[in-house]
Amino acid sequence: MDAVKDISVNDLADLLKTSEVPVQLLDVRTVAEMSQGIIPGALLASPANMGLAIEYTGITVIYCRSGIRSAHVCRLLTQQGCGHVLNLRHGIIAWAGAGLSITRPDEGFFS
C-alpha cells in the first residue's frame, strides 16, 4: 500500500506564502461542509479537478474535515501515478483551529 504524505497546517501556510512551485488545494468535503467555508483558493474536488491533479506539475494538497477522507483520495491518486499530492493532516478543523484564513466559496464554486 502506498504511503500518504501529510503536511501540517503551519507547513501548508508557509508553503502557500513562500513556494516557488505552484500549490493547488482540493477540497474533498461535502457541499454542505464546504458552504461553511473553504481555505482561500481551494477548488472543489470534482472528477474533472481530480484528473487535473494527476497532470498538475505543482504540488496538490488535498483536504477534508479531519484528514481521513483526504488521505484516502491521496492514496488513490498516488496509486494512479500522482507523486506530488499531500494530505492536510487533521484537515480544515486543524486549519481553523490554528486561526488560519477561511473564506466563503464564491457563487460559482459548486458548478
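These notebook entries record what I looked up on cysteines and strand pairing in a predicted model.

**Ground rules.** I number residues from 1 along each chain as its sequence is written, and side-chain values rest on heavy atoms, with hydrogens and water left out.

**Cysteines.** I searched the whole structure for disulfides (a pair of cysteine sulfur atoms within 2.5 Å) and found 0. For C64, the closest cysteine sulfur is that of C74, at 9.1 Å, which is too far for a bond. For C74, in turn, the closest cysteine sulfur belongs to C82, at 8.5 Å, and that is also too far for a bond. I then looked up accessibility, where buried means under 20% relative accessible area, with a 1.4 Å probe and protein chains only. C64 counts as buried because its relative accessibility is 0%, and C74 counts as buried because its value is 1%.

**Strand β2.** I took strands as DSSP runs of E with at least two residues, numbered from the N terminus.

**Partners of β2.** I counted two strands as paired if DSSP finds at least two bridges between them. Strand β4 (residues 59-63) runs parallel to β2 and is joined to it by 5 bridges; there, V23 has I59 as its bridge partner. Strand β3 (residues 43-44) is also parallel to β2, with 2 bridges joining them, and L43 in β3 stands opposite L26.

Conventions:
This is a predicted model: local features need pLDDT of at least 70, side-chain atom pairs count only at pLDDT 80 or more; totals for chains, interfaces and linings use all residues. Buried means under 20% relative accessible area, exposed over 50%, partly exposed in between (1.4 Å probe, protein chains only). Helices (H or I, at least four residues) and strands (E, at least two) are DSSP runs, numbered from the N terminus.
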